[in-house]
Amino acid sequence: MNKGTARQRLFIVALLVSVSFLSVVFGMVAYQLKLWPFPIFRDAYQATKAWREKLTTRSRYDDTNLFIKVRHTNSGGILRYNKEKAYSGFTLFTSVHAQKALLISMEGQIVHEWHIPFSSIWKNPPHIRFPVSEDFIYWGKAYLYPNGDLIVTIKGLGDTPWGYGLVKMDKDSRIIWKYAEHVHHDVNVGSDGKIYTLIHGFTTEKMPGIKLEPPFLDDSIVVLSADGHELKRLSLSKAFRNSDFSNVLNVLGDIREQWDPWHTNNVDILDESMANQFPFLEKGQVLLSIRNIDTIAVVDMDKERVVWAITGPWHRQHDPDFLSNGNMLIFDNRGHYGKGGKSRIIEFDPMTMEITWQYVGNEQGIFSSVVKGAQQRLPNGNTLITESLQGRIFEVTREKEIVWEFSSPFRAAHDNQLVANVWWGQRFHPDSLTFEFSNLNQNAP
Amino acid sequence: MNKGIAIQRLFIAALVVSVGFFGVVFGMIAYK
């Protein structure tokens with residue numbers, strides 16, 4: 001090897017070492033400052049991860065939290081019923097074992113059910129490119145009209161966005177209308193018949209005021225006419241940006257789930273009968289629960305801005321409700337640090353934040369649902385609680401005595417020790433339902 | 001420039017680009 005060739009090889013080696021060193025340093029700087037080509041690699045990584053998750057989620061029993069090991073051995077059905085103390089009526093619930101809503105009597109008999117598979121609602125859904133299989137599609141919140149019409153939100157587990165749509169059906173499960181958008185979590189109907197729900201979708205453009213790199217899911221509140229036509233859509237980011245609570249946007253950059261910074265899970269309407277109890281709000285305003293920032297907020301849809309927002313002694317909460325005594329009730333999923341489970345139901349005064357009542361579990365009767373969950377204050381003062389992950393709906397008195405308890409009989413796998421989540425439970429007075437039940441005349445199932 | 005030298009330079013250029021590419025990727029992963 002002559003001197004020239006040796007020098008040339010040394011140069012090449014030095015070149016490669018220099019290039020590798022500089023490129024590693026540049027890679028680090030690109031990551032830190034989000035410079036090109038970092039966004040391309042980040043998007044490719046996230047897309048691959050999401051796609052892999054979708055492909056590898058095969059068993060809804062083992063690969064998801066749709067079915068959870070039941071805490072107490074029982075085969076399901078009514079475990080407790082104190083006829084004198086319970087608020088008598090029918091209980092509506094949705095369960096993830098099937099795309100169904102069920103109405104049961106106090107004795108646990110199924111008196112009516114609604115059922116439509118997703119593929120019968122949309123054969124080729126225009127809003128979802130590759131839907132997950134039917135096993136992973138389930139109904140979330142259901143809104144029941146007195147005549148038996150039912151509106152349900154549909155979710156697809158393992159997909160992003162997981163909101164799969166909204167459908168209204170009659171008492172015989174015939175479709176009245178459907179809304180092909182990424183509807184998720186909740187739906188409610190105002191006294192004027194307008195329908196309020198939540199949608200989400202990926203934003204690909206950087207949003208002013210938000211320290212988050214797109215793409216991420218942005219939530220919107222949608223108002224539909226009674227016949228299912230979209231009247232208004234308001235982005236949550238915009239509603240906060242237009243408000244005195246815009247500092248919330250700064251928090252988003254710090255949260256763990258940056259792809260889903262809001263995770264809104266509740267939409268309620270402040271109706272006329274309650275508005276006087278909440279003088280800092282106005283009728284028609286909308287109450288939201290934003291799980292990932294532990295915040296509840298009220299939005300004025302006409303002014304397109306948040307008018308009230310607060311965080312409190314709760315963590316990853318669900319289902320805030322206005323109460324007729326001026327207090328609020330909320331399902332605090334992970335805010336109980338004592339014995340008896342992680343969850344609690346809190347009644348609090350929104351002006352002073354004083355907790356006026358709460359229900360927590362104890363060592364004999366654990367109460368814990370780290371995700372999902374709902375509650376309903378009943379006219380006799382009792383509270384109906386949906387402990388979603390345990391497939392359990394139960395009613396407690398003001399003194400915290402359990403006077404009615406239903407454990408979902410929809411079990412599966414591992415010697416039937418896995419119970420299907422109950423997404424939502426709600427009690428109806430018999431006089432509030434005017435339709436004729438199909439009277440399936442069977443215990444559940 | 002003969003064909004051999006041209007191929008050699010092309011190879012070196014490809015090597016430099018590859019090292020640069022993997023260096024950037026490694027830098028991002030290492031920093032993460």
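A: Below are notes on the chain contact, a helix pair and a sheet.
A: This is a predicted model: local features need pLDDT of at least 70, side-chain atom pairs count only at pLDDT 80 or more, and totals for chains, interfaces and linings use all residues. Residues are numbered from 1 along each chain as its sequence is written, and chains are lettered from A and ligands numbered from 1 in the order written.

Q: At what angle do α1(A) and α1(B) cross?
A: Roughly 35°, with the axes of α1 (residues 3–33) of chain A and α1 (residues 3–31) of chain B coming within 6 Å. Axes are lines fitted to C-alpha atoms, for helices over the stretch in contact, and angles run from 0 to 180 degrees between N-to-C directions. Helices are DSSP runs of H or I, at least four residues; strands are E, at least two; both are numbered from the N terminus.

Q: Which residue classes are in that helix contact?
A: 20 nonpolar, seven polar and no charged residues.

Q: New topic: what is the strand order in the open sheet?
A: β18-β19-β20-β21 in chain A, with antiparallel pairing. Pairing takes at least two DSSP bridges. The edges are β18 (318–322) and β21 (355–360) of chain A.

Q: How many bridges join β20(A) to β21(A)?
A: Five. A:Arg344 has A:Val360 as its bridge partner in β21(A).

Definitions and conventions: Ala, Val, Leu, Ile, Met, Phe, Trp, Tyr, Cys and Pro count as nonpolar, Asp, Glu, Lys and Arg as charged, and the others, Gly among them, as polar.
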